[in-house]
Amino acid sequence: MKRNLFAVIALLFPAFIMAQTLKNPTLDELMWGGNKYWTLQPEHISTAWWGESLVRTGVDTCSLMADSRGRAVASSKAFLFNRDEVNAVLRAASPEDTLRTLQYAAFKGGKQTVVRLQSDKNLFEYDWKRRQITWMQPALRGTSYREFCAASHSTAYIKDYNLYVRTADGKDLQVSHDGSRDLLYGTSVHRNEFGIEKGTFWSPKGRFLAFYRMDQSMVTDFPLVDIEVDSTTQIAQLAPEKYPMAGMTSHKVTVGVFDPATGKTVYLDAGDPTDRYFTNVSWSPDERYIFLMELPRSQDKCELVAYSAQTGERVGVFYTETNARFVEPQHPLSFVPWDASRFIYQSERDGFNHLYVFHMEETDGKLRVSEERQLTSGAYEDLELLGFNTATRSLILVTNESGHIRENVYSVDFNTGRRTLLDNGVGVHRANLSPAGTLYTDRWSKPDVFRRMELRATARPQLMQTLQECESPWREYSMPEVKGGTLTAADGKTPLYYRLVLPVGFDPARKYPTVVYVYGGPHATNVKESWNYQARPWEYYMANRDYILFIIDGRGSGDRGFDFESCTHRHLGDVEMLDQMQGVNFLKTLPYVDADRIGVHGWSFGGFMTTNLMCTYPDVFKVGVAGGPVIDWRFYEVMYGERYMDTPQENPEGYASSSLLNKAKNLKGRLQVIVGYNDRTCLLQHSLAFLRACEDAGVQPDYFVYPGQDHNMMGQDMIHLHERITRYFDDYLKPAVK
């Protein structure tokens, strides 16, 4: 008996020692702004498609990982070329030039042994079989934006507010001449709403360039200040932001088409652009037509409109969608590669984002476009259309059909609509589809799997090979247990998903302070079935400091359908708070949660929610940290604010009830507001107005500012920010209530 006891002790002793030697993580090690973060992370495998073959693009070497059938390539046959040999050829053509990495190599298709690379001084194409440079251009310098077109080897770029095109033979063509801070060319417009991410759009063959022109001369300036001065400047400089607040005058957008062959520009004849939005610019495959999705300022209607790319003439309105709340187009048209007369249109009109097939034909010189059928349907969201498998005539997309908090890859038969799950059906998957759509790389994780990278086929569910398996980078650190679960929303029927992060060394007999982390707004989710249910590194840090963290996605957040997200319409904050309080009520049922020590933290919309919760439930939340908060929706931008609230003139009651200026007097606990001094999203006016309201009411918030930072802190300021947030909870929430 004694011998067996000693044997058990001997077996347990190494585990005991290991548990005792686990390190406590620092913010520098946990967060991507930290100096030590990247030294701990597993290697990120960079890949590129060479036709249907997969290439690993390292810093020094490019080598085949899989052939066009997805089969692993023997190491003896994998090598393609290395950086040294490219540099030897490059320096012969451009002395003192250097190629520093192959990670961003872009390969031509088919059997061409040509790759596009960017060196210090040149953009060039290199044929590794013949070991020669086949095309070269000096790299663009001093530009604020660049978009390269592989089809024509032309580049659109912006310099000094004006739009230019550099052609394949190196000619620089100036598209606009009157650009200024008031008149912008080739930039993103409508403050990046409606899925807009850029302002130039090359035609499929690269013969024409469509671009946005935004006149914002009539938009009010918000007076930001840049305090960073050089040796010649002593006083801070004005850095105003054109900012159209809800109900105020907005900018005017037009769309131009530039022809590099003639040097001429035509503008689409869309009529008066006042109080209208032009989104999701799409070219027809033959480059003859441009399609726009157009909305009035009320955003309750979306029209699909076609224009002649040659004359700018408005050809017609071919589809109209209306909704009493709002219509929000997010995706350009996707033309079917095996049938140029058909395209995919995405819409939430049946309550969820799904795919619709439209048919386009020209008869007697007239363009006709008609809806043919709905391709996908069901109580789930089509999250991303990745592309097409041309051989099987199918679409490849990411959906959450397998579960609200999952993201999985499916194929959809174009003719029948039959859906096939292509991956393992769990977790969150990020896919990169090959040009012909036969293969895709799949980076995925689930709550107990940090990261896997696989190569999969799309003709049928088939794992071709595992490319990488990564364990948690913090295996040698003390990390918390993270649990996922569901609660019922305040409506008594809707399931909501939460994440519960328990303190390191959790003792169920103790009572712990708890911090509710919140966002709560549209287009975002905090809880997914990825690693640790999408837990943030700061939560690991707090769990190492004896805190419980709780996160729940209530109604109003994304990826759950139109009704789930839009039920907050005209009254932002009301429904969202009710669902957050469902989470708090759940926390109070847990014997290890100290109900007298509940805090809340969030950023942006989450900052609005944090401040709202602190002022609406002052006896529940004792400490809050609100980052970059919206305080009054009157001060927020036209596009986003009016979509969810209508205008202040149309909805005065909603704006008044959601304004935190009216609730400042209710503040009891400790609230710290943190902002970037140069925030161009949630302007400084929000937090300053709240401070004034608090001063008038005789309540005492705390305030901290990051000079030079925008809406989100970057670099080392991110570490400083989270240390400050942590200290605030340490000072005011962590001490046990006596």
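## His359 and strand E28

His359 lies in strand E28 (residues 354-363). Helices (H or I, at least four residues) and strands (E, at least two) are DSSP runs, numbered from the N terminus. This is a predicted model: local features need pLDDT of at least 70, side-chain atom pairs count only at pLDDT 80 or more, and totals for chains, interfaces and linings use all residues. Residues are numbered from 1 along each chain as its sequence is written, and side-chain values use heavy atoms, with hydrogens and water left out.

His359 has 19% relative accessibility, so it counts as buried. Buried means under 20% relative accessible area, exposed over 50%, and partly exposed in between (1.4 Å probe, protein chains only). Which residues does His359 touch, leaving aside its neighbours within four places in sequence? The contacts are Ser341, Arg342, Arg368, Val369, Ser370 and Glu372. Contact means heavy atoms within 4.5 Å. The strand as a whole is mostly covered: 7 of the 10 residues of E28 are buried.

## The two partners of E28

Strand E27 (residues 342-347) pairs with E28 in the antiparallel sense, over 6 bridges. Two strands pair if DSSP finds at least two bridges between them. Gln346 has Leu355 in E28 as its bridge partner. E27 and E28 form a hairpin, with 6 residues between them. Gly351 sits in that turn and has a positive phi of about 105°.

E28 also pairs with E29, again in the antiparallel sense. Here there are 8 bridges.

## Loop residues with positive phi

Most residues other than glycine have a negative phi, and most peptide bonds are trans. Asp364 is not a glycine, yet its phi is positive, about 55°. It is found in the loop between E28 and strand E29 (366-374). Is Asp364 buried or exposed? Asp364 is exposed, with a relative accessible area of 76%.

Arg393 is not a glycine either, and its phi is also positive, about 55°. Arg393 belongs to the loop between strand E30 (382-389) and strand E31 (394-399). With a relative accessible area of 40%, Arg393 is partly exposed.

## Pro461

Pro461 is in the loop between strand E36 (449-457) and strand E37 (462-470). Its relative accessible area is 47%, so Pro461 is partly exposed. Pro461 and Thr420 are 41 residues apart in sequence. In space they are 7.8 Å apart, C-alpha to C-alpha. Leaving aside neighbours within four places in sequence, Pro461 is in contact with Thr420, Leu421 and Leu422.

## A four-stranded open sheet

An open sheet is formed by 4 strands in the order E22-E23-E24-E25, with antiparallel pairing. Its edge strands are E22 (276-283) and E25 (314-322), and each pairs on one side only. Neighbouring strands are turned by 25° against each other on average, direction ignored. Axes are lines fitted to C-alpha atoms, for helices over the stretch in contact, and angles run from 0 to 180 degrees between N-to-C directions.

Within the sheet, strand E23 (residues 289-296) and strand E24 (residues 301-308) run antiparallel, joined by 6 bridges. Phe291 stands opposite Ala306 in E24.

## Helices H8 and H9

Helix H8 (residues 574-588) packs against helix H9 (residues 605-616) at an angle of about 70°. Their axes are 11 Å apart. The angle makes H8 roughly perpendicular to H9. Angles under 35 degrees count as roughly parallel, over 145 as roughly antiparallel, 65 to 115 as roughly perpendicular and the rest as oblique.

Which residues of H8 and H9 meet? Glu576, Met577, Gln580 and Met581 in H8 meet Phe605, Met609, Asn612, Leu613 and Thr616 in H9. The contact divides into 5 nonpolar, 3 polar and 1 charged residues. Ala, Val, Leu, Ile, Met, Phe, Trp, Tyr, Cys and Pro count as nonpolar, Asp, Glu, Lys and Arg as charged, and the others, Gly among them, as polar.

## Strand E44

Strand E44 (residues 670-676) has 6 of its 7 residues buried, so it is largely enclosed by the rest of the structure. Strand E43 (residues 623-627) pairs with E44 in the parallel sense over 5 bridges. Strand E45 (residues 702-706) also runs parallel to E44, joined by 5 bridges. Ile674 in E44 is the bridge partner of Gly627, and Ile674 stands opposite Phe704 in E45.

E44, helix H12 (residues 684-697) and E45 make a right-handed β-α-β unit. A crossover is right-handed if, with the strands pointing away from the viewer, the path from the first strand over the helix to the second runs clockwise.
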